[in-house]
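Please take me through this model in the viewer, one selection at a time, starting with the overall sheet and ending with individual side chains.

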Amino acid sequence: MSYSVTVTRVNEGEHQNSEENYDDVTAVNVSDDGSVTVAREEGRQSNFGATTWGSVTITRVAGR
């Protein structure tokens with residue numbers, strides 16, 4: 001099963017988007033230190049430090 005995930009950023013720099021969207025997510029992990037890892041298809045990952053994200057929205061995508 002696949003998921004669509006939106007991560008909103010806080011404390012972002014001028015060159016960063018305030019929101020990141022991923023349509024090919026296989027897992028989301030929040031570690032003990034508060035950082036978030038978004039695992040995507042084909043082994044790709046996106047990481048957000050504990051102080052750089054504000055919310056994570058996960059939507060199940062049926063049929064993928």
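Predicted model: local features only at pLDDT ≥ 70, side-chain atom pairs only at ≥ 80, totals over all residues.

Two strands are taken to pair if DSSP finds at least two bridges between them.

Select next strand E1 (residues 2-9) together with strand E2 (residues 19-30), which pair in the antiparallel sense over five bridges; here threonine 8 lies opposite glutamate 19 in E2.

Move on to strand E3 (residues 36-40) and pick out threonine 37. Threonine 37 has a relative accessible area of 19% and counts as buried, because the cut-off for that class is under 20%. Its side chain is joined to that of asparagine 47 by a polar contact of 3.0 Å, and, apart from residues up to four places away in sequence, threonine 37 touches Ala27, Val28, Asn29, Gln45, Ser46 and Asn47.

Finally, centre the view on valine 38, also found in strand E3, which is buried with a relative accessible area of 0%. With neighbours within four places in sequence set aside, the contacts of valine 38 include Val7, Tyr22, Val25, Ala27 and Phe48. A C-alpha to C-alpha distance drawn from valine 38 to valine 56 spans 9.8 Å, for a separation of 18 residues in sequence.

Definitions and conventions:
Residues numbered from 1 in each chain as written. Heavy atoms only, no water. Helix = DSSP H or I, 4+ residues; strand = E, 2+ residues; numbered from the N terminus. Buried < 20%, exposed > 50% of the residue type's maximum accessible area, 1.4 Å probe, protein only. Polar contact = N/O pair within 3.5 Å; in protein donor to acceptor, adjacent residues only side chain to side chain. Contact = heavy atoms within 4.5 Å.
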